[in-house]
Amino acid sequence: MNTQCPTCNKPTTKQYRPFCSKRCADLDLGQWLNEGYKIESEEESNLDEYEPG
Ligand SMILES: [Zn+2]
């Protein structure tokens with residue numbers, strides 16, 4: 001059973017498993033790091049302060 005690149009769903013290559021290329025590996029790592037740093041955005045609370053008119 002072939003694995004698919006979690007970034008672009010292309011078939012993976014041995015060299016860059018579980019990704020298809022170094023680019024996808026870097027992308028995924030970047031996303032993972034971003035989520036780690038990401039904290040709930042405070043911008044959402046601003047929606048409540050919106051007053052029409
Ligand atoms: Zn890929």
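Ser21 counts as partly exposed because its relative accessibility is 21%, where buried means under 20% relative accessible area, exposed over 50% and partly exposed in between, with a 1.4 Å probe and protein chains only. This is a predicted model, so local features need pLDDT of at least 70 and side-chain atom pairs count only at pLDDT 80 or more, while totals for chains, interfaces and linings use all residues. Residues are numbered from 1 along each chain as its sequence is written, and side-chain values use heavy atoms, with hydrogens and water left out.

**Around Ser21**

- Ser21 sits in the segment before helix 1, which covers 22-37; helices here are DSSP runs of H or I with at least four residues, strands are runs of E with at least two, and both are numbered from the N terminus.
- Ser21 and Cys5 are 16 residues apart along the chain, and their C-alpha atoms are separated by 8.5 Å.
- Over in helix 1 you'll find Arg23, which counts as exposed at 59% relative accessibility.

**The zinc site**

- Four cysteines hold the protein donors of the zinc ion, namely Cys5 (SG), Cys8 (SG), Cys20 (SG) and Cys24 (SG), lying 2.3 Å from it.
- Donors are N, O and S atoms within 2.8 Å of the metal (3.2 Å for Na, K and Ca), and water is not among the atoms, so sites may look incomplete.
- Along the chain, the donors of the zinc ion follow the spacing C-x2-C-x11-C-x3-C.
- The arrangement is tetrahedral because the four donor atoms subtend angles of 103 to 118° around the zinc ion.
- For that label, all angles of four donors must lie between 85 and 135 degrees; square planar (four) and octahedral (six) need opposite donors over 155 degrees apart and all others between 65 and 115, and anything else is irregular.
- Cys20 and Cys24 are both buried, and for Cys24 that is because its relative accessibility is 2%.
- Cys8, at 32% relative accessibility, counts as partly exposed.
- The count of disulfides comes to zero, a disulfide being a pair of cysteine sulfur atoms within 2.5 Å.

**The protein as a whole**

- The protein has two helices and zero strands.
- Of its 53 residues, 11% count as buried.

- Leu29, Trp32 and Leu33 make a nonpolar surface patch of about 340 Å².
- Patches are made of residues with over 30% relative accessible area and no salt bridge, joining like charges within 9 Å and nonpolar side chains (Val, Leu, Ile, Met, Phe, Trp, Tyr) within 5 Å.
- Leu29 belongs to helix 1 and is partly exposed, with a relative accessible area of 46%.
- Searching the whole structure turns up one salt bridge, meaning a side-chain nitrogen of Lys or Arg within 4 Å of a carboxyl oxygen of Asp or Glu.
- Lys22 forms a salt bridge with Asp26, and the closest N and O atoms are 3.0 Å apart.
- Both Lys22 and Asp26 lie in helix 1, four residues apart, which is about one turn of the helix.
- Asp26 is partly exposed, with a relative accessible area of 42%.

- Arg17 and Pro18 are joined by a cis peptide bond, with omega about 0°.
- Pro18 is in the segment before helix 1, and Arg17 is found in the segment before helix 1 too.
- Arg17 is exposed, its relative accessible area being 62%.
- From Arg17 to Thr3 is 14 residues in sequence and 8.6 Å in space, C-alpha to C-alpha.
- Asn9, also in the segment before helix 1, has a phi near 65°, a positive value in a residue other than glycine.
- With a relative accessible area of 51%, Asn9 is exposed.

Note on methods: Accessible areas come from the Shrake-Rupley method with a 1.4 Å probe; for residues, only the protein chains shown count as cover.
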